[in-house]
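Here is a friendly walk through one protein model, meant to be read with the structure open beside you. Take your time and click along as you go.

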Amino acid sequence: MNQPEADKSRLFGYRSARLDPAGMLPVNQSSALSLSAAAPWWRPNPGRSLVIQGGRPLVGTYPISGAKNAVLPLMVSALLTPHLVTLHNVPASLDVAVLANLLMRLGAKLHWSRSEFGLSVTICADDIHAVRIDRDLVARMRASVLLLGTLLARCGEVSLPMPGGDAIGLRGLDFHVAGLRAMGAEVDIAGGTIRAAAPSGLHGAEILLPLPSVGATENLLLAAIAARGTTIIRNAAREPEIADLAACLVAMGAMIAGIGTDILTIEGGTPLTGAVHSVMPDRIELGTLACAAAITDGVLLLQHGRLDLLGAAAPVLAAAGVELHKAEGGIVARRSRSGLAGIDIATHPYPGFATDLQAPAMALLATAAGASTITETIFEQRFWHVDELRKMGANVTVRGRTALVRGVSTLQGATVTGTDVRAAAALLIAGLGAEGETTLDGLDHLDRGYDRMVEKLVSCGAEIQRS
């Protein structure tokens with residue numbers, strides 16, 4: 001037995017751990033395959049609300065977790081090879097647990113461990129079945145759309161319920177579908193289901209994305225790995241998470257040129273091996289906690305944080321009065337001596353200001369001196385948190401896709417609800433900087449995107465309890 005096969009036997013009890021396709025659970029009984037079976041480390045957090053006592057500076061070391069937006073496509077990429085893929089620095093978030101459950105339903109086997117690399121998972125996808133995919137699981141996360149290109153490449157066909165996720169905009173699948181069709185796929189969308197097939201296999205194509213969509217770039221990159229010939233993706237998204245995915249694929253044997261640029265060239269059809277890869281640190285968590293340090297007038301060492309991953313957000317936050325300095329082991333974040341100042345922000349694809357940092361930035365600017373404008377150019381419905389911040393005394397006016405924020409002296413505690421992952425985090429840090437008590441509902445959103453955020457904040461002096 002060679003080493004990869006020996007590893008399979010050691011980790012999975014290779015013969016006995018296979019999933020019998022005839023024994024797969026019916027779609028309407030998906031709850032029987034619980035999150036704890038797919039991700040034994042997952043424990044639902046007690047309570048439905050957070051009670052936050054504001055006005056306490058955050059001081060200490062806050063470890064930045066592996067990136068939510070990187071780990072999900074990395075886990076999906078393991079379906080492209082029958083060999084073992086091990087991912088280190090995996091965030092222990094609800095989205096990861098849900099995707100683990102979904103991969104198990106497809107026949108993958110997962111082995112979890114903890115070490116100096118944090119939470120790690122080894123995925124064995126040597127026996128994947130293109131069975132009906134659980135609609136309930138797909139509806140919980142947008143990243144499940146990446147199964148479209150991956151299973152089409154691996155199995156030749158796929159039937160995928162329309163993905164769900166945060167209610168922040170339309171985020172149509174037109175770019176995904178057009179690119180897959182250019183590669184020879186037959187795609188039909190009807191009755192809330194995407195059906196795709198490539199009877200003769202996928203082939204290389206030259207694809208021009210109308211906009212640099214992250215999801216479409218990832219989906220087409222994954223599909224192109226198994227396509228015959230050369231695929232060129234022009235106007236590709238340049239987010240660091242895509243470069244992280246490409247680096248893992250290269251470690252698996254893929255041939256990809258132009259990583260980190262807007263032109264990706266993939267020489268498809270090369271058999272993939274296994275790989276070991278460490279998930280990049282979460283740049284959105286980094287930016288959010290930098291805002292938290294400044295809002296509370298504290299000092300945080302954001303362990304493992306990398307300033308280069310923030311792109312335009314680094315100088316923008318600096319202009320708003322958030323000091324960011326490299327230090328041994330990470331980034332030190334604090335409020336500048338001159339205080340917070342109003343600025344103008346417009347979200348753009350990387351290296352522009354990330355749309356995922358728009359809500360935390362608004363919470364920060366709500367108490368900055370002067371006025372600020374925030375223009376959201378990526379998603380058309382990403383101002384749901386405005387009404388919640390207003391409950392806390394924020395002075396925000398929205399006209400179309402631009403919000404005018406007039407700074408107030410302080411926010412006041414209130415009962416608010418997080419409507420998506422980033423809005424929940426923004427309201428949490430707003431509560432930390434506010435006077436009095438804030439009650440935050442919508443905790444599923446917070447748990448979806450962040451690894452033990454509340455526990456890590458408490459270790460830095462925050463007073464937070466689950467209600």
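In this predicted model, Asp 441 touches a set of residues from other parts of the chain: leaving aside neighbours within four places in sequence, its contacts are Arg 48, Ser 49, Thr 415, Val 416, Thr 417 and Gly 418. Asp 441 itself belongs to strand S22, which covers residues 437–441. Its relative accessibility is 23%, so Asp 441 counts as partly exposed. For a sense of scale, the C-alpha atom of Asp 441 is separated by 37 Å from that of Ala 236, a residue 205 places away along the chain.

Thr 415, Val 416 and Thr 417 turn up again with Glu 388. Once neighbours within four places in sequence are set aside, Glu 388 is in contact with Thr 415, Val 416, Thr 417 and Leu 427. Glu 388 sits in helix H13, residues 385–391. Is Glu 388 buried or exposed? With a relative accessibility of 10%, Glu 388 counts as buried. A polar atom of the Glu 388 side chain lies 2.9 Å from the backbone nitrogen of Thr 417.

Next, have a look at helix H4, residues 94–105. Its 12 residues should span 16 Å at 1.5 Å a residue, and the end C-alpha atoms are 17 Å apart, which agrees. H4 is mostly covered, with 12 of its 12 residues buried. Just after H4, Gly 107 has a positive phi of about 110°.Now for some backbone features. Most residues other than glycine have a negative phi, and most peptide bonds are trans. Against that background, Asn 89 is worth a click: its phi is positive, about 60°, although Asn 89 is not a glycine. Asn 89 lies in the loop between strand S3 (85–88) and H4, and Asn 89 is partly exposed, with a relative accessible area of 22%.

His 304 also has a positive phi, near 75°, and is a residue other than glycine. You will find His 304 in the loop between strand S14 (299–303) and helix H11 (313–319). With a relative accessible area of 45%, His 304 is partly exposed.

Which peptide bond is cis, with omega near 15°? The bond from Tyr 350 to Pro 351 is the one to inspect. Pro 351 is in the loop between strand S17 (344–346) and helix H12 (358–365).

Eight of the eight residues of H12 are buried, so the helix is largely enclosed by the rest of the structure. The buried residues are Gln 358, Ala 359, Pro 360, Ala 361, Met 362, Ala 363, Leu 364 and Leu 365.

Two of these, Met 362 and Leu 365, are among the contacts of Val 405, as are Ala 366, Gly 370, Ala 371, Ser 372, Ile 374, Asn 395 and Val 396, leaving aside neighbours within four places in sequence. Val 405 is in strand S20, residues 402–406. Its relative accessible area is 0%, so Val 405 is buried. The C-alpha atoms of Val 405 and Glu 285, which are 120 residues apart along the chain, are separated by 23 Å.

On to helix packing. Two packed helices are described by the angle between their axes and the distance between the axes. Here are two pairs to compare on screen.

| Helix pair | Axis distance | Axis angle |
|---|---|---|
| H8 (residues 214–226) and H9 (residues 240–251) | within 11 Å | roughly 10° |
| H10 (residues 283–295) and H12 | 9 Å | about 10° |

The residues of the contact divide into eight nonpolar, one polar and one charged.

H10 and H12 are likewise roughly parallel to each other. From H10, the contact uses Thr 288, Cys 291, Ala 294 and Ile 295, and from H12 it uses Pro 360, Ala 361, Ala 363 and Leu 364. Sorted by type, the residues in this contact are seven nonpolar, one polar and no charged.

Technical notes: Residues are numbered from 1 along each chain as its sequence is written. This is a predicted model: local features need pLDDT of at least 70, side-chain atom pairs count only at pLDDT 80 or more; totals for chains, interfaces and linings use all residues. Side-chain values use heavy atoms; hydrogens and water are left out. Helices (H or I, at least four residues) and strands (E, at least two) are DSSP runs, numbered from the N terminus. Buried means under 20% relative accessible area, exposed over 50%, partly exposed in between (1.4 Å probe, protein chains only). Contact means heavy atoms within 4.5 Å. A polar contact is a pair of N or O atoms within 3.5 Å; within protein, one must be able to donate a hydrogen and the other to accept it, and residues adjacent in sequence count only if both atoms are side-chain atoms. The expected span of a helix is 1.5 Å times one less than its number of residues. Axes are lines fitted to C-alpha atoms, for helices over the stretch in contact, and angles run from 0 to 180 degrees between N-to-C directions. Ala, Val, Leu, Ile, Met, Phe, Trp, Tyr, Cys and Pro count as nonpolar, Asp, Glu, Lys and Arg as charged, and the others, Gly among them, as polar. Angles under 35 degrees count as roughly parallel, over 145 as roughly antiparallel, 65 to 115 as roughly perpendicular and the rest as oblique.
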